[in-house]
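Here are my notes on this structure. Please read them with the model open.

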Amino acid sequence: MDIKTATALRRLRLVSAPEAVSFLILLLCSVLKRTTDFNAVPVMGAVHGVLFVLYVIFWADAWNRTKWPLGTAALYFVLSVLPTGGFFAERKLRREAEDALIAARARKEGVVNA
């Protein structure tokens, strides 16, 4: 894996958890708006909107660089629209990065020809 691909995956991983947290907070704010006088939906909507747009941009970049199959790319996109999906995406991306690092070290040491 080259450095640009690793960077693209790292950016996607780093934005996935905050995007999921902002989605959950936005859902909580929308409930509070309807049950109390507290209305933070405009602020949290903007924060979540920015994080979601960043996620989609980083997702497209990662898909382009990693050449994921359509199913994998679709999975990461679907995880972005589920309330807790960003946490699962972050965990899966972390495992993928660790596996790539192990494979790169093995190739460097001449253990495998992958």
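1. Helices here are DSSP runs of H or I with at least four residues, numbered from the N terminus. Tryptophan 59 and tryptophan 63 both lie in helix α2. They sit four residues apart, about one turn of the helix.

2. A word on the source. This is a predicted model: local features need pLDDT of at least 70, side-chain atom pairs count only at pLDDT 80 or more, and totals for chains, interfaces and linings use all residues. Residues are numbered from 1 along each chain as its sequence is written, and side-chain values use heavy atoms, with hydrogens and water left out.

3. Is tryptophan 59 buried or exposed? Tryptophan 59 counts as buried because its relative accessibility is 13% (buried is under 20%, exposed over 50%, partly exposed in between; 1.4 Å probe, protein chains only). Tryptophan 63 is partly exposed, at 29%.

4. Tryptophan 59 also forms a tilted pair with phenylalanine 77: 5.2 Å centre to centre, 50 degrees between the planes. That pair links distant parts of the chain, 18 residues apart, with phenylalanine 77 in helix α3 (residues 70-81). Phenylalanine 77 is partly exposed, at 32% relative accessibility. Ring pairs link Trp59, Trp63 and Phe77 into a cluster.

How values were computed
Helix = DSSP H or I, 4+ residues; strand = E, 2+ residues; numbered from the N terminus. Phe/Tyr/Trp six-rings, centres within 6.5 Å; stacked < 30°, edge-to-face > 60°.
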